[in-house]
Amino acid sequence: MTAVTALSIDMSLPAQPTLAAAFDVPSETAQLTLSVFLVAFALAQLVTGSLSDLLGRRPVLLAGLALFALSGVACALSPGIEVLLACRVIQGFGAAAAPVVARAMVRDTQPAAEAARLLSTMLAALAVAPMIAPVLGSNLLAVFGWRSIFIALAACGIALFALAASSLGETLPLERRTTTRVIDNYAEFFRTPGTRLPMFVSCATFAGQFAYIGDSPFVLIDGYHVSPAHFAYYFAATALALMIGSLSGRSMLRAGRSPRTLLRVGGSLLVTGGVLVFVGTHTGLGLGGFFVPMLVYFLGVGLTAPSATALALEPVPHIAGTGSAAIGSLQMIAGAVAGYETTHLGGSSPRVFAWVVLAMGALAALLAFAASRPAKASSRTAC
C-alpha cells in the first residue's frame, strides 16, 4: 500500500520528456503531472486521515484504492495535457488513503520503538517500487507508448483493492474512534510537544528527495546525456541506497539504538550528501560527482524518515490518522514545491539542483539534531 505514491510518480518519470514533446509543452509543464499529483495527494491526506479516525481504517482505504484505479484509466484516455493534469489530481486524491492508513495501522498496534522498526521495514519495501517502476515505465513507453503507463497503474490499483479487501482487518475499534471536530484534532496534533520537530525533519528530507525525483530525468537525460533506458537503472540505484538505509535503521533499532540516535546518524548523512553533490557539480567531476553523493543522501533518507515519523506520532496515539495525514500532507507539499521549482529554475542544470539538495540536507540535519534531544529537554523547549 505504501508503494502507491512511488508507483504513480516513478513509472511516469521516463515519460516526462515524451509528454513534453507529445503535447508540445515546456518541460516544467510536463513536470506538473508529478507536482499536481503530489499537491492533490497532500491535500487529500488531510481529509482521509481524519476520516479514518472517525470511520475506521478499512472503509477509507478501500474507497481510496477504488478511486485510484478508476482515475488511472481516465489518465490513459486523456486527449490533452489539461485533461491529463485534471485526472492526475483525481488520482492523487485516491492514492492518499493507502500510505496514511498504513502508517496509522502501525501506530494503532505498536509502541514508538517497534513502530519505527516496522516503518523502516515499510520504507525498505517502498524502495522496491523506485527500483522497478522506472524500468517498467521505460519498457512500457518504448513498446506501447505513454498511455500504457497509466493503464498499468490502474491495474495496480485493482490488485491492491482486491488484496486489501480480502486480507486487511480493521485496527481501530469503535470505542477508540474520535468524535471531535477535524480542526480540533489537527490543532491538538500541532500543539502537542514532540510532534513538530520530527515532522519538519520529514518535510526537509522529502524536499531534497523529491528535488531529485522531479528533476533527475532532465539532469541525467538532458544534462549528462544518459539514455532513457539507462536512466531507470540510475534511479533504481538511488532506491537501493534508500532500501539499504532503511534496513540498516531497522537493524540498529533491533540492536537497541533509539529512534533519536537514528535521526542524528541520518541527518549527518543528509548534509554530507548535500555538500558532496554541491562540490561535485561545481568542480567539473562529471556524472560521478553528481550521482555518488546522491547515493549518500538517499542512505540518510532511509535512516531518518521512519524514525522521524514514529517520533512525531508517539505523543498522539489516539489521533494517529490525523497525525499521519498532517505529516504526509506537509511532506508532499514540500516535495511538490521543491520538485517544480528545481525543474523550473534549473531545468537540466546539475548546479541548480545541487543548491537545493545542499540547502535541504543542511536544514534536515539541523532539525534532526534538535529533534533528537532527550524528550524532557524537548518538552521544556516546546513550552
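Q: What describes the packing of helix 13 (residues 286-313) and helix 15 (residues 350-371)?
A: Their axes come within 12 Å and cross at roughly 20°. Helices here are DSSP runs (H or I, at least four residues), numbered from the N terminus. Axes are lines fitted to C-alpha atoms over the stretch in contact, with angles from 0 to 180 degrees between N-to-C directions. This is a predicted model: local features need pLDDT of at least 70, side-chain atom pairs count only at pLDDT 80 or more, and totals for chains, interfaces and linings use all residues. Residues are numbered from 1 along each chain as its sequence is written, and side-chain values use heavy atoms, without hydrogens and water.

Q: Why are helix 13 and helix 15 called roughly parallel?
A: Angles under 35 degrees count as roughly parallel. The two axes cross at roughly 20°, so helix 13 and helix 15 are roughly parallel to each other.

Q: Which residues of helix 13 and helix 15 meet?
A: Phe290, Met294 and Tyr297 in helix 13 meet Phe353, Val357, Met360 and Gly361 in helix 15; contact means heavy atoms within 4.5 Å.

Q: Why is Gln209 called buried?
A: Buried means under 20% relative accessible area (1.4 Å probe, protein chains only). Gln209 has 12%, so Gln209 is buried. Gln209 lies in helix 10 (residues 196-223). Beyond its neighbours within four places in sequence, Gln209 contacts Leu242, Tyr297, Phe298 and Val301.

Q: What makes the pair Arg57 and Asp53 a salt bridge?
A: A salt bridge needs a side-chain nitrogen of Lys or Arg within 4 Å of a carboxyl oxygen of Asp or Glu. The side chains of Arg57 and Asp53 meet at 2.9 Å, N to O. The structure holds one salt bridge. Arg57 and Asp53 are both buried.

Definitions and conventions: Buried < 20%, exposed > 50% of the residue type's maximum accessible area, 1.4 Å probe, protein only. Helix = DSSP H or I, 4+ residues; strand = E, 2+ residues; numbered from the N terminus. Parallel < 35°, antiparallel > 145°, perpendicular 65-115°, else oblique.
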